[in-house]
Amino acid sequence: MAAGTKKLSDLGLTALAGANPDITGLAVDSRDVKEGFLFAALPGTRVHGGTFIQFALRMGAAAILTDAAGAKIAEQELAASDAALVIAEDPRQALAYTSALFFGAQPGIMAAVTGTNGKTSVATFLRMIWQLMGLEAVNLGTTGVEGDFTAPLNHTTPEPITLHRTLAAAAEAGIGFGAMEASSHGLAQCRLDGVQLKAAGFTNFTQDHLDYHASFEDYFNAKAGLFARVLPEEGTAVINIDDPRGLDMAMIAGGRGQGVLTVGKGEADLALMAQRFDATGQDIRFSFRGKAYQARLNLLGGFQAENVLLAAGLAIACGAEPERVFEVLGDLKGVRGRMQLAATRANGAAVFVDYAHTPDAVATALKAMRPHVMGRLIVIVGAGGDRDAAKRPLMGQAAAENADVVFVTDDNPRTEDPALIRAAVMGGAPGATEVGDRAEAILRGVDALGPGDTLLIAGKGHESGQIIGEDVLPFDDCEQASVAVAALDGGLA
Ligand SMILES: CC(=O)N[C@H]1[C@@H](OP(=O)(O)OP(=O)(O)OC[C@H]2O[C@@H](n3ccc(=O)[nH]c3=O)[C@H](O)[C@@H]2O)O[C@H](CO)[C@@H](O)[C@@H]1O[C@H](C)C(=O)N[C@@H](C)C(=O)N[C@H](CCC(=O)O)C(=O)O
Ligand SMILES: Nc1ncnc2c1ncn2[C@@H]1O[C@H](COP(=O)(O)OP(=O)(O)OP(=O)(O)O)[C@@H](O)[C@H]1O
Ligand SMILES: N[C@H](CCC[C@H](N)C(=O)O)C(=O)O
Ligand SMILES: [Mg+2]
């Protein structure tokens, strides 16, 4: 979508020498720069983007946005060029605000959700609640843009240029409501600082991404940035108060003067009082500010009710009538790749696919599955390469502690040696069976299913490819589950 040309000053930026060129586009990678673009030369984890200013200038950049270090790297090239130079203390945050001004529109009501697990689920349920109330809505995140406007995304929280281009396109298509995921990377890099939020949610905080964040506390602080920085003072924070860090988040939000709506099993504004599980879902009883309600959820897993209530809280915080929100909960559908029924064997045993890729998520998914299972619970688990290595044995342990049979296999090895990743996972699950090839592991897991047993294939959820080295090979857990059932039982599942 062409956003048109804007003056540098209309993008909230002031150049050092007073230049005010027309800006025809924005780029964060020098290889994407075209004539008249603003190039944001950002400090990176590997290299400073300032290194690439010389290439951006050659491509016709009209302005450079960077920090003092970036400007120093390209001092000579900048002196010899008449491109405008903008130096910001935090160029990532400046780029976020600039992107919002450049693309100029977003759905009028937006909410963001952060937390280690449950972001996609909550954002998707919130979008569905809005749609079921007759509103045009989207969710943006790991599964792309879904709802009344669709588009693929490569990141859970895209960098600001892609984010605001997408939000503007959605707004132009008539979308009035948007629910987005705020990943810890996205928050640490201020990717969503230019989005106008009405409400923000917090699901939970457990181990992940310690490859990127220097410490557990750094990881927490990145997430807390959603309330401490991005959500405005007049916004409402919707907090899962059952999480050990929920109170900390509520304090941060309250400290900034934001409204706080708590969700949880104990004392909470929106309180989950009882759950009754059966083969196809659960009935829940809950209260909102003291008044009791009941709803049917066609969703498996106790934690899904928590995600649904957080989404309901966000809908209310965004202005919806509580009674209307509670009425539509019974019509919610499952989220793709989250506790999704993938296939059923001739003997009745079921195969589920779930995106559990953290120790907490593996434990939660298996514990949640247990009340729905009569026989043995079998799990297939692995861990991704080029990601937090410390979580691997913990994922194995979570599988061993909560399932009756464990198969350890490859997830996305990326550039790492898959055998070493598997060995680390096996370290936490010594009694497990190791099967490197994921399709074979699924076949073995499905073959092991007796009547009343259930298989949970964890880790890849909705993903349609397996990343090996730099290649992405087609691979879909749901599809492989069907193939395995067909191979063992004949016909298609
Ligand atoms: C680890 C991480 O988040 N990296 C982000 C970061 O890149 P970086 O710091 O590694 O960049 P770098 O390689 O050091 O390069 C520095 C700068 O030079 C630029 N460059 C580089 C080469 C060149 O030829 N020209 C050029 O201009 C780069 O665009 C970059 O701005 O800044 C870049 C620009 O903003 C981001 O695109 C990039 O995200 C990469 C693509 C990424 O894969 N991020 C993942 C880990 C991520 O964000 N994941 C979360 C999900 C987390 C979850 O599971 O919850 C997400 O929100 O998707
Ligand atoms: N409220 C929850 N508490 C604990 N675990 C959960 C919760 N919700 C979901 N999970 C587990 O986490 C997995 C991922 O869920 P989801 O995709 O909604 O999380 P996410 O935060 O978006 O993950 P990502 O970091 O990849 O974006 C699910 O498949 C499930 O196993
Ligand atoms: N957003 C997460 C997804 C992990 C999914 C899992 N299949 C893996 O590859 O580790 C990440 O990039 O860390
Ligand atoms: Mg997600």
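UniProt, in an unreviewed entry, places the feature "modified residue: N6-carboxylysine" at Lys223; positions from that record are given in the numbering used here, feature names are shortened, and annotations may be inferred rather than shown by experiment. Lys223 has its place in helix H8 (residues 216-230), where helices (H or I, at least four residues) and strands (E, at least two) are DSSP runs, numbered from the N terminus. Lys223 counts as buried because it has 24 C-beta neighbours inside 10 Å. A residue is called buried if 20 or more other C-beta atoms lie within 10 Å of its own, exposed if 12 or fewer, and partly exposed in between, with C-beta atoms placed from the backbone. Leaving aside neighbours within four places in sequence, Lys223 is in contact with Thr114, Ser184, Leu187 and Phe205; contact here asks that the two C-beta atoms, placed from the backbone, lie within 7 Å.

A word on what you are looking at: this is a predicted model, in which local features need pLDDT of at least 70 and side-chain atom pairs count only at pLDDT 80 or more, while totals for chains, interfaces and linings use all residues. Residues are numbered from 1 along each chain as its sequence is written, and chains are lettered from A and ligands numbered from 1 in the order in which they are written.

Thr114, one of the contacts of Lys223, leads us to strand S7 (residues 109-114). Here 6 of the 6 residues are buried, so S7 is largely enclosed by the rest of the structure. Both of its faces are covered: Ile109, Ala111 and Val113 are buried on one side, and Met110, Ala112 and Thr114 on the other. S7 runs parallel to strand S10 (residues 177-181), with 5 bridges joining them, and Ala112 stands opposite Met180 in S10. Strand S11 (residues 199-202) is also parallel to S7, through 4 bridges, and there Phe202 is the bridge partner of Thr114. Pairing requires that DSSP finds at least two bridges between the strands.

With strand S15 (residues 281-288), S14 runs antiparallel, joined by 8 bridges. S14 and S15 form a hairpin with 2 residues between them.

Now step back to the domains. The protein is divided into domain 1 (6-99), domain 2 (106-331) and domain 3 (340-489), with bounds that come from an automatic or database domain assignment. The centres of domain 1 and domain 2, taken over C-alpha atoms, are separated by 34 Å. Their contact takes 9 residues from domain 1 and 11 residues from domain 2. On the domain 1 side, helix H4 (residues 91-103) gives the most, with 6 residues. By class, that side has 5 nonpolar, 2 polar and 2 charged residues. In these classes, Ala, Val, Leu, Ile, Met, Phe, Trp, Tyr, Cys and Pro count as nonpolar, Asp, Glu, Lys and Arg as charged, and the others, Gly among them, as polar.

The ligands tie into this picture. Ligand 1 lies between domain 1 (6-99) and domain 2 (106-331), because both give residues to its shell. It is surrounded by 20 residues, the closest being Gly44, Arg46, His155, Ser183 and His185; a residue joins such a shell if its C-beta atom, placed from the backbone, lies within 6 Å of the molecule. This shell has 5 nonpolar, 11 polar and 4 charged residues.

Around ligand 2 there are 23 residues, and Gly118, Lys119, Thr120, Ser121 and Ala356 are the closest. Helix H5 (119-132), helix H10 (302-317) and helix H12 (359-369) are the elements that give two or more residues, with the largest share, 4 residues, coming from H12. Domain 2 (106-331) and domain 3 (340-489) each supply at least three residues to this shell, which has 5 nonpolar, 12 polar and 6 charged residues.

Ligand 3 has around it Thr156, His357, Gly384, Arg387, Asp411, Asn412, Gly459, Lys460 and Glu463. By class, its shell has no nonpolar, 5 polar and 4 charged residues.

Our last stop is Gln480 in helix H16 (residues 477-489). Gln480 is buried, with 23 other C-beta atoms within 10 Å. Leaving aside neighbours within four places in sequence, Gln480 is in contact with Ala439 and Ile442. The C-alpha atoms of Gln480 and Leu443 are separated by 8.0 Å, with the two residues 37 residues apart along the chain.
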